[in-house]
Every structure is written in structure tokens, then in C-alpha cells.
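The sequence and the model follow.

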Amino acid sequence: MARPGVMILSTLVLVLFHVFVDAGQNQRKTYIIHMDKSNMPADFDDHTLWYDSSLKSVSEGANLLYTYNNVIHGYSTQLTADEAKSLEQQPGILSVHEEVRYELHTTRSPTFLGLEGRESKSFFLQAETRSDVTIGVLDTGIWPESKSFDDTGLGPVPTSWKGECQIGKNFKASSCNRKLIGARFFSQGYEAAFGAIDETTESKSPRDDDGHGTHTATTAAGSVVTGASLFGYAAGTARGMASHARVAAYKVCWAGGCFSSDILAGMDQAVIDGVNVLSLSLGGTISDYYRDIVAIGAFSAASQGIFISCSAGNGGPGSGSLSNVAPWITTVGAGTMDREFPAYISIGNGKKFNGVSLYSGKALPSSVMPLVYAGNASQASNGNLCTSGSLIPEKVAGKIVVCDRGMNARAQKGLVVKDAGGIGMILANTDSYGDELVADAHLIPTAAVGQTAGDLIKRYIASDSNPTTTIAFGGTKLGVQPSPVVAAFSSRGPNPITPEILKPDLIAPGVNILAGWTGKVGPTGLPEDTRNVGFNIISGTSMSCPHVSGLAALMKAAHPEWSPAAIRSALMTTGYSTYKNGKMIEDVATGMSSTPFDHGAGHVNPAAALNPGLVYDLTVDDYINLLCALDYSPSMIKVIAKRDISCENNKEYRVADLNYPSFAIPLETAWGEHANSSAPTVTRYTRTLTNVGTPATYKASVSSEMQEVKILVEPQTLTFSRKNEKKTYTVTFAASSKPSGTTSFARLEWSDGQHVVASPIAFSWT
């Protein structure tokens with residue numbers, strides 16, 4: 001989850017699990033039934049009747065939860081395991097997917113991204129003014145009263161729009177306007193698993209009771225709001241990436257999670273309604289594309305010209321921790337901005353440390369205060385984590401308590417300290433979080449510090465019989481360098497499904513992001529937090545994803561003829577991976593340089609992306625050729641593509657030939673009789689560039705960090721004489737064997753002297 005809090009949705013860990021109450025064969029579970037519409041019997045003139053007939057053949061008592069008519073053909077229902085197995089054997093059934101649960105991945109951005117610079121402002125304003133682009137946000141719903149949905153200055157709702165404002169609890173048709181042009185909710189899968197929604201605590205309507213959905217929607221396309229802040233922090237003018245784009249909200253996430261049958265229904269409806277961009281800040285455990293509901297729905301949406309942006313996940317810094325890696329999805333990791341919310345800590349031995357905080361209440365006394373480590377003030381085995389009831393009041397009262405991060409919500413630890421009589425908290429990172437700093441709107445005076453500082457503070461406490469400290473809060477600090485850095489929580493490659501396709505695609509701001517909020521809960525999401533705010537500051541790849549969704553909407557407005565793949569290519573090939581001094585973007589998890597497995601093609605650079613010079617375009621047929629290269633069976637391909645595909649026996653299909661804007665080259669470590677072989681492994685990748693600018697000649701250049709890897713580009717010069725002209729080239733990689741786990745990186749650039757079209761190259765030996 002992308003914000004602190006105790007709500008089940010508020011977690012930084014991606015979880016995917018089968019929904020069940022009991023493992024017995026008679027226990028009903030929700031299944032998504034994927035039908036082969038081309039096999040519908042002639043005596044059925046309505047596919048819904050056909051779906052119902054197939055269902056009734058195995059279960060008289062089962063009912064249709066949803067019917068899907070666009071992103072897939074089929075329905076969802078509740079069945080026993082035996083009924084599902086029986087149904088799967090019937091003719092006309094492509095697949096039977098058991099319901100899975102997904103979790104959410106949870107004012108400075110436009111300026112930081114250059115959207116308000118002199119060079120790009122005019123162009124972006126033109127794109128914004130004429131924009132009738134609609135961003136569909138699948139999330140926890142929407143808070144329509146947010147100032148970020150003010151429709152002043154917007155023209156009529158686009159005539160192509162087919163959506164509606166669905167009426168429900170605390171939500172009226174008048175809740176929508178020319179900005180928020182659509183709002184729907186999908187709860188049948190959730191209710192099938194958990195029972196009827198308790199409307200005393202949760203709105204069975206598009207209304208956002210959580211805050212996450214409003215935050216992501218306003219990040220992508222919030223209207224301009226002056227005087228925005230969270231308790232004075234991050235004060236300024238807030239605006240989404242595409243502030244003139246329209247918003248359509250699809251509530252698919254509830255207090256117990258986001259269920260695949262509801263997500264699929266939301267995607268299905270969004271395509272029918274006419275969205276141009278789909279933004280999904282949610283995900284689950286990696287799965288093959290033909291088993292991944294989001295990937296299946298996204299394929300159909302992309303084939304109809306819709307750009308899909310998804311969060312990479314918050315499973316970092318572990319390698320291979322990504323989700324949403326389908327090549328037709330733009331996968332977005334998270335970086336920081338040049339803004340911090342500092343807190344200053346001084347301890348009794350004279351050492352000083354910098355932390356972060358969004359605390360806004362009564363300050364602590366300026367005099368030194370007694371300090372205690374929670375691990376020394378608890379009888380619980382995990383007392384260092386400041387879990388509920390774990391602290392001994394006699395050891396905590398009147399003191400500032402050092403609590404370790406982990407297990408329970410960060411802001412909740414402060415309430416545990418307060419309940420035990422403590423007056424403040426230092427929240428210390430452990431190995432799992434390193435020196436990454438995430439600010440929270442704490443309810444007691446609190447400073448969060450990284451692992452290095454936390455360890456030194458705890459060492460001081462252990463060595464001093466009367467440890468003391470002071471904490472002061474520094475408000476908002478701008479111009480922090482280096483920036484951006486890759487967030488430690490941002491999920492990393494290599495791609496665990498298709499190693500030949502580099503993921504994530506890029507990174508965007510995802511740490512301490514200010515955007516609109518719900519009026520239902522306070523900024524921490526804790527039940528005890530009764531503060532009402534119009535804006536909140538939270539972190540996660542949930543926040544970086546809508547940045548890219550909004551930028552894609554801007555680009556679609558400026559270049560309506562561009563395909564989703566062309567838009568992604570422009571964003572990737574113009575991204576930057578180094579600072580102005582030439583050094584690589586840092587990884588906060590290690591303090592060292594990041595790699596393309598961390599940042600993909602780099603950090604988004606919107607002004608450059610509007611005029612990329614060349615793009616790597618892709619069609620539906622290209623993706624189908626990829627599925628053939630992956631040796632997918634005709635039935636597997638049909639689950640994704642919704643049509644009969646026969647991979648030609650006499651044709652060579654290669655993953656390496658997918659026209660992707662980046663390169664990933666997995667290599668095998670030599671072993672056995674080949675262990676001492678010096679012969680390099682040679683692979684060839686083919687790519688095609690499309691000219692979207694003026695006639696020009698581009699020359700190739702390659703930089704590599706490992707001399708033993710030879711890279712040859714042929715031809716080395718490409719001349720384009722007209723717009724939309726295409727030119728093909730090949731890259732040959734010759735790499736010697738290396739120990740397993742070795743990685744190396746390079747960069748290929750095509751330049752005409754004005755544009756630089758860059759592609760990262762990642763080698764990995766296993």
C-alpha cells in the first residue's frame with residue numbers, strides 16, 4: 001500500500017493468494033470462466049444465455065456474478081472445485097481461473113519533471129487545452145468533492161464518452177462533472193468472498209473511503225489547486241500530470257482487497273466506456289501471461305489503442321520482485337524528488353542525525369528528554385517493534401522511545417508509545433529498509449531515521465546510563481541532491497517471466513507525493529486519526545504509476561495518432577539514467593549506482609518524450625509472435641488474444657525480435673565439459689525504428705561497462721527521408737561465460753545531433 005495505516009489495503013507488500021474459507025471440495029469459490037465465443041452453438045443468439053447454459057450444466061444453484069464481453073468473453077461465478085473441474089472439460093471453455101486477490105501498491109512533481117519549464121510549458125499547455133483524453137483509474141474509488149476535480153475551464157464531456165456516474169451510497173449522479181466524467185463500482189467478487197458489504201463502514205458506491213484511489217486519480221489528472229499542502233508541508237500549487245484530461249473512476253478495491261473478477265469487470269467496462277489510458281496501481285504475485293487476469297485484460301485494451309500503466313510493486317530491493325511485467329503493459333518503478341521533510345535529532349553524546357517527519361502537532365520541549373529503546377522496555381519477544389500493548393509503561397513514561405520499523409503500521413507505533421506514556425518516537429529502519437526515508441503524518445512527535453542512524457542511536461543507548469535526545473522539525477526543504485534516487489521499496493528486475501524483456505520500463509516520482517485525499521479517513525488511515533485533510537503525502541509505486549498515466553494522456557493529446565507502444569517508447573528512449581554530472585542515478589537501498597534492473601530505461605523526461613525523434617512501435621501481431629516464441633499453445637494464445645492463432649511451423653519466432661525499446665540478454669554460465677570454453681555466446685536482436693520527426697540521419701553509438709562483451713550494431717547509420725518511415729537494424733552480442741549471478745550493462749544510442757534515442761542493455765548470467 002502506498003500510505004501508512006492499519007487498513008488491510010495499506011501495505012507495502014504485494015500479496016496474491018487464493019481466496020477460500022475451507023479447503024474442502026464442497027466449498028464454493030469464485031472462478032472466472034473464459035469462453036471461446038467462436039464455438040457458441042448456433043441455437044444461441046445471445047452469449048449470456050450460452051454462458052448461463054454452460055454454468056447450469058454443472059451447477060443448478062450457481063449464478064453469474066459478471067459477464068465479460070470485451071477484454072475477454074466469459075463470466076464469473078461461484079463453484080465447488082469439482083464443478084470447476086467438470087466445467088473446464090466442456091467444449092467452448094478456454095480456461096477456468098480461480099479468483100485471486102490483488103493488493104494496492106501503495107505539488108512538486110510537475111516542476112520536478114519539467115512540465116512548467118519555459119521550453120516545454122507552451123507545448124504542454126496546447127496539448128492540455130485541446131485534450132479530450134480520458135484516464136480510467138482502477139482503484140479504491142473517488143472523493144468527488146476534492147478541489148482537484150474542479151471542472152472550471154473544461155469544455156463539454158467528449159461526445160465519444162459512453163460511461164456514466166453510477167448512483168450508490170453517498171454518491172449521486174451529480175457527483176460527476178466535466179472533469180470527473182465517470183464513476184462506477186464493482187463489488188460482486190468481493191462480496192462473494194466476504195459477504196455483503198457493511199455499509200456502516202464502507203460505501204457501496206464509487207465513493208473512496210480509503211484515499212488511495214483519489215490520490216492516484218489526482219496525481220494523474222488533478223485540476224490546478226492553489227494553496228495546497230498537508231498541514232503546511234509541501235505547500236504550493238498542486239496539479240496532476242494532465243490537468244485538463246478527464247477522469248473516470250472504477251472502484252474495484254475494498255477493505256479486504258482487490259479481487260480479480262471485479263478488476264476484470266472494471267477493465268471490461270472501462271474499454272466499453274471509451275477510456276484512452278488505464279492506470280492500475282495494484283498487483284500480485286507473478287504469473288504466466290495466460291493466467292494473469294490483469295495481463296489478459298490489458299492485452300485486449302492495448303489492442304484497442306488504450307495505453308496501460310501499472311505499478312511495478314513495492315517488493316524491492318530484492319531482485320526479481322516485479323509484478324505487471326507483460327510487455328504490453330508499461331511497468332513503472334519509483335524514485336524520489338528533490339524535496340524532503342527533515343527532522344533533526346541530537347543525542348546526548350553530541351552526535352546529530354537527520355530524519356524525516358510530517359508531524360504537525362505541539363512540538364517537544366527544546367531541552368533534552370530521556371531516551372529509551374523499545375527492546376529494553378518490553379517483555380514481548382518483538383517488543384522492539386512497538387506492537388500493541390508491548391511496552392512497559394514504567395519504563396516508557398515521559399520518554400522518547402526508539403521503535404524499530406516493521407510488522408505494524410509506522411504511525412500506529414507512535415500510538416502504542418503514547419498509550420504507554422511515552423512523549424515521542426524515533427522510528428528506526430532495520431535491514432529490510434536500509435537508509436530509505438518515508439515521511440508520515442505522525443500523531444505524536446516522531447522522526448524516522450535510516451538503518452545507519454538508527455543503529456548508532458541504539459548503540460549510544462546501550463552505552464549510556466542516562467541517554468537523552470532532542471527532536472526538532474524542519475518543515476519542507478527543496479533542492480535536495482542527489483535526486484532522483486531509486487526508492488528502496490521499488491520492485492526490481494530481472495523479469496521473472498520473460499528474462500529477454502527488461503522490466504521495469506522506467507521510474508517516476510513515487511516518494512512523498514502530495515495529491516488529493518478522501519474526507520473519510522485521516523492522513524494515516526488509523527481509526528484514531530480524526531484529522532480531515534484535502535491533500536495527503538504518501539509513497540509507493542502506486543504513486544509513480546499515475547505520473548506515467550498522466551504523462552501518457554498528455555502525449556496522446558499531443559500525438560493522437562501514436563499507438564500505446566509508441567508512447568511508451570518515447571517515454572523510455574528519452575528517459576535519463578545519469579545526473580547532470582554524468583554519474584548514474586543512485587539506489588538508496590545500496591547507496592551505490594542503480595542499474596537498468598532498478599530503473600529500467602531511466603527516469604521519465606516528459607519534455608523530451610514529446611519530441612523523441614524515433615520510436616520503437618509494436619502491433620498486436622508483434623505481441624502474438626512473441627507468444628509463439630514463448631511456445632504458447634493455440635489455446636493459451638486464444639485466452640489472451642481472443643482469436644484463433646496458428647503459429648507457423650516453418651517460421652522462426654524469437655523473443656529477441658520483439659521490437660522493444662530496451663534489451664535484456666540472459667546468458668547461461670558454462671559448466672561441465674564446457675566450463676573452460678573460451679568461445680563466446682553470440683545472440684542477435686532485431687529492431688525497427690519509426691521516424692516521428694523530420695528527415696534526418698541517425699548514427700549509433702554504444703557504451704559498455706564490460707570490455708569482454710562485444711556489441712556490434714548493423715548498419716551503424718540510418719537515414720530517414722520522411723515521417724513515419726521505418727528502418728531496421730540488428731545488434732549482435734558476443735559474451736564470454738561468467739560466474740552465475742554476474743550482471744553487466746551497456747547503452748545503445750541513436751542520435752541525429754538533436755535527438756538522442758537511448759536503449760539500456762542488461763546482461764545477466766545464470
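Phe259 is buried (under 20% relative accessible area, where exposed means over 50% and partly exposed lies in between, with a 1.4 Å probe and protein chains only), because its relative accessible area is 0%. Phe194, by contrast, counts as partly exposed, at 49% relative accessibility. This is a predicted model, in which local features need pLDDT of at least 70 and side-chain atom pairs count only at pLDDT 80 or more, while totals for chains, interfaces and linings use all residues. Residues are numbered from 1 along each chain as its sequence is written, and side-chain values use heavy atoms, with hydrogens and water left out.

**Aromatic pairs**

The structure holds 25 aromatic pairs. Rings of Phe, Tyr and Trp (its six-membered ring) pair if their centres lie within 6.5 Å; planes under 30 degrees apart count as stacked, over 60 as edge-to-face and the rest as tilted. Two of the pairs are set out below.

| Pair | Centre to centre | Angle between planes | Class |
|---|---|---|---|
| Phe186 and Tyr250 | 6.5 Å | 25° | stacked |
| Phe194 and Phe259 | 5.8 Å | 80° | edge-to-face |

Phe186 lies in the loop between β8 (180-185) and α5 (188-194), and Tyr250 in strand β11 (residues 246-251), so their pair ties together parts that are 64 residues apart in sequence. Helices (H or I, at least four residues) and strands (E, at least two) are DSSP runs, numbered from the N terminus. Both Phe186 and Tyr250 are buried. The pair of Phe194, in helix α5, and Phe259, in strand β13 (residues 257-259), likewise links distant parts of the chain, 65 residues apart. Phe194 and Phe259 also belong to one aromatic cluster with Phe185, Tyr190 and Trp254.

**Charges over rings**

A charge sits over a ring if NZ of Lys or CZ of Arg is within 6 Å of the ring centre and within 35 degrees of the ring normal. Arg207 lies over the face of Trp143, at 4.4 Å from the ring centre. The charged end of Arg405 is placed over the ring of Tyr433, 3.8 Å from its centre.

**Strand β41**

Of the 10 residues in strand β41 (residues 756-765), 9 are buried. Two strands pair if DSSP finds at least two bridges between them. Strand β34 (residues 663-667) pairs with β41 in the parallel sense over 5 bridges, and Ile665 has Phe763 of β41 as its bridge partner. Strand β40 (residues 743-751) runs antiparallel to β41 and is joined to it by 9 bridges; here Arg747 is partnered by Pro760. β40 and β41 form a hairpin with 4 residues between them, and Gly753 in the turn has a positive phi of about 95°.
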